[in-house]
Amino acid sequence: MTPSSSLAEPRRFFTQLIVGSSSEQKNLLRLLAILLAVAVIGAAISGGVLLRPQNLSNILQQNAVLLVVVTAQFLVIVTGGFDLSVGAAVALASVVFVSSLDHGVGLAILAALVSGLLLGLVNGVLVTFVRLPSFVVTLGTMQIGYSLAKVWTGGGTIDAAPGGATIPRQLNSFYSTNLIGLPLPVWVALMVLVLVAIYLRTSTGCFVFAVGGNSRAARLAGISTSRVRLVAYATASLAASVAGLLFSLRVGYGDPQAGVMLPLDSIAAVSIGGVSLTGGRGSLIAGFMGVLIIAMLDNLMNLLGVNVTLQPVVKGVIVILTVFAYGLRRD
Amino acid sequence: MIASEGEHPLSLQGIHKAFGAIQVLRDVSCDFRAGEVHCLMGENGAGKSTLIRIASGAYSPDSGNVILAGRPLDSMTPRWARDNGIATIYQELDLIPNLDGAENMLLGREPRGRLGRIDRAERLRRARAVLNSMHVSVDLDRPVQELGIAQQQMIAIAKSLTDECRVMILDEPTAVFTRTETRALFNLVKKLREQRIAVVFISHHMEEIFEIGDRITVLRDGSVASTGTIAEYNHDRLVRDMVGRDVKRPVRRSAQTTNAPLLEVRDLSDGETVQGVSFSVGRGEIVGMAGLIGSGRTETARLIFGATRPRSGQIVLDGKTVSPSDPFQAVKLGIGMVPEDRKRDGLVLTRSILENGGYTLVRKLSHAGWVPWRRVRREVTDRTRGLAVRPATPKTLVARLSGGNQQKVVLSRWLAAGVSLLILDEPTRGVDIGARSEIYAVIRTLAERGIGILLISSDLPEILSQSDRIVVMAKGRIAGELAGEGATEEAVMALAFRTRPESIA
């Protein structure tokens, strides 16, 4: 090995940790350009408000839940599937967490995570071993998940466990506490992002891309495609249940109807990030940037006082336009 | 245009065609006469496909003439050929799967009613009329994807007949047919002959040729080896003409003396294509597996590799009976496979050389999921460099590589895996000559290291030059085994065309 390449090795290792292949790097540069364009134009028409540190911090804080869910969605999309049950995982985790607070915060968190893991395992088993299309499976578990969450609370929201325990004071302020300039929930979201990014560099993570790209070839390369899929779905729902915790900490109660729009919002963010919806390629950081672009536009429209009912129109147009632009590049 | 006396619907004169440095067709001339079934014969790679692609306008010849009803043409397009009465039914039918038979047959030429609306009743009537004239009945109410392959073929033929075709080229139409389906097709071909259509028929089944053919042209190494009426041929002459007496063979590998047994397959069956296959592969031995397409070679390989489950039979590896339930298990047992269709089964086209070449390494070197990527990268780079993969940059997407380089990436995957048995299914198909010799060198190195190799190939010179021993499959069984001086192209072909397995020599 030449000295120059060994010098380049560690750097390359870290860029590869999040970035991946060269075509993905080009995609990231493009996303960065879009992001900068939105930021600069946004700053100009909002009189600089958009880029104020406090505003940027707010944007991230408001989108911490979405960010975690996008990370989960990315994992499933890369295998060539969709996870429509991410919102249900959020709702389940949210009500399980709040209603288990009686038994202590640690146990409540654990119970919430287990609820997500179970949902993910059901998804994974049905997709992998029963060989049903993920779209249909997760559509079903989404409805089942929401229904279970409602049964759990008896229908409405839940702001205290049956024994009377409520979200403790220190957790109440969790959402507004800053650590090194960023709110805690943002740190949690980034942590999930980094964990999943590292996961994608493990052997199973590498195989996730193989299964999504060509599951026949992956199988004939000796990859246990069923294990890879199962783990991907389970991990995705587990991550979504972390988003459920964040949700409850933000609003201060458990909501069995939380995150109804999350499945679609997360798929939209992933597509804006240029991640192929047919699986097998894309980088997590692109999904992250997809969230940032949507979040900035949302924020900008709020700053400019765009009618709230009209905002989704703008978002919809942007999703279609970006996917159209990516489609133009396809051969 | 009506052909006058002495003019044939389609003639090819002095056709030459080369792809790069490889001369595929050399001075080929051929007349396809009205009301005759003309069989094109030849080994895989003899130039049959190129010839029919030229006849149907898909390729243009480097020199020579395509003469349509007495009119020489210097350039043709597939569209033009179709419009002028040359119909080609390739093995891959160009039907639209979700449309029904009538919709497919009159696609783009739908009868119109008032306001330009498609007249469905009229379309159905016309489609029925054509099928009736062919004396076949096909279910026209269902999307063609729900029909059997034979019915689909009938629709494809009927579609051409709606074009007033005068030449019908059938490229291995019976390859996937059952006996009754073949019968139905033959009846149809006889009808076409009665309608004075010139039929060009390609098949590897000799008995079919003798049943349906009027005239035969045998191609060998891109030239016409012989041509004549069916009466001038018999089974032996046909094999001799296809293979040729004086084929220059590459140097044969010096046969290994004794090989400790590694793999023994006993009476393996899948209940369909593979019917009681038994053979063995020794350590460091290269066993060639020859046979026609559809003889069950690939299916046998997939059974050994655990890609499909056998109905009955035994696989003994290293003295132990094994039954890999999937390729994951097979790899654990030390079996590797380079599949036949590398784009569909061999590669993940959305990923890089590093990943595609490294899946087995990733699996082998990772501890608790943690992958030493630097080491994987180094080893994959070393191996792909050793195989002269160009470009050798590990991050390049495999989709961007040429066929030969893609194949080398798949091969490199198994170099590191520590397999004791490697199955290679058509490893040099679509691979240029340079890359071929590199692949052969790797196969030999692996054998010298004691790895048993099962080399499946339709390329006879390849099988003969690379194998220590050859097993020949025919119709799902082992038709015979050849080694040493007895292993000639004629002997392999004779076994491959054998239909009765009980007459094993």
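**A first walk around the two chains**

Visitor: How many bridges join E6(B) to strand E7 of chain B?
Guide: Keep in mind that this is a predicted model. E6(B) and E7(B), the latter spanning residues 167-171, run parallel. Along this pair, Ile89(B) stands opposite Leu170(B) in E7(B). The number of bridges joining the two strands is four.

Visitor: Which strands sit at the edges of the sheet in chain B?
Guide: The sheet is open, with six strands in the order E6-E7-E8-E3-E9-E10 and mixed pairing. An edge strand here pairs on one side only.

Visitor: Over in chain A, are H4(A) and H13(A) roughly parallel or roughly perpendicular?
Guide: Two packed helices are described by the angle between their axes and the distance between those axes. For H4 (residues 64-78) and H13 (residues 262-272) of chain A, the axes come within 9 Å and cross at roughly 70 degrees. Angles of 65 to 115 degrees count as roughly perpendicular, so H4(A) and H13(A) are roughly perpendicular.

Visitor: How many nonpolar residues are in the contact of H4(A) with H13(A)?
Guide: On the H4(A) side you'll find Leu66(A), Val69(A) and Phe74(A), among others, while the H13(A) side includes Leu262(A), Ile267(A) and Val270(A). Sorted by class, the contact has one charged residue and two polar ones, and the nonpolar count is nine.

Visitor: Which element gives the largest share of the side of chain B that touches chain A?
Guide: In all, 29 residues of chain B are in contact with 25 residues of chain A. Helices H10, H11, H12 and H13 of chain B each give two or more residues to that side. By class, the chain B side divides into 15 nonpolar, six polar and eight charged residues. The largest share, five residues, comes from H12(B).

Visitor: Which element of chain A has the lowest mean pLDDT?
Guide: Chain A as a whole has a mean pLDDT of 86, with 90% of its residues at 70 or more. Over residues 1-10 of chain A, though, the pLDDT is below 50. H4(A) has the highest mean among the elements, 95, while the lowest, 45, belongs to helix H1 (residues 3-18) of chain A.

Technical notes
Residues numbered from 1 in each chain as written. Chains lettered and ligands numbered in written order. Predicted model: local features only at pLDDT ≥ 70, side-chain atom pairs only at ≥ 80, totals over all residues. Contact = placed C-beta atoms within 7 Å. Nonpolar A, V, L, I, M, F, W, Y, C, P; charged D, E, K, R; others polar. Pairing = 2+ DSSP bridges. Axes fitted to C-alpha atoms, helices over the stretch in contact; angles between N-to-C directions. Parallel < 35°, antiparallel > 145°, perpendicular 65-115°, else oblique. pLDDT = per-residue confidence, 0-100.
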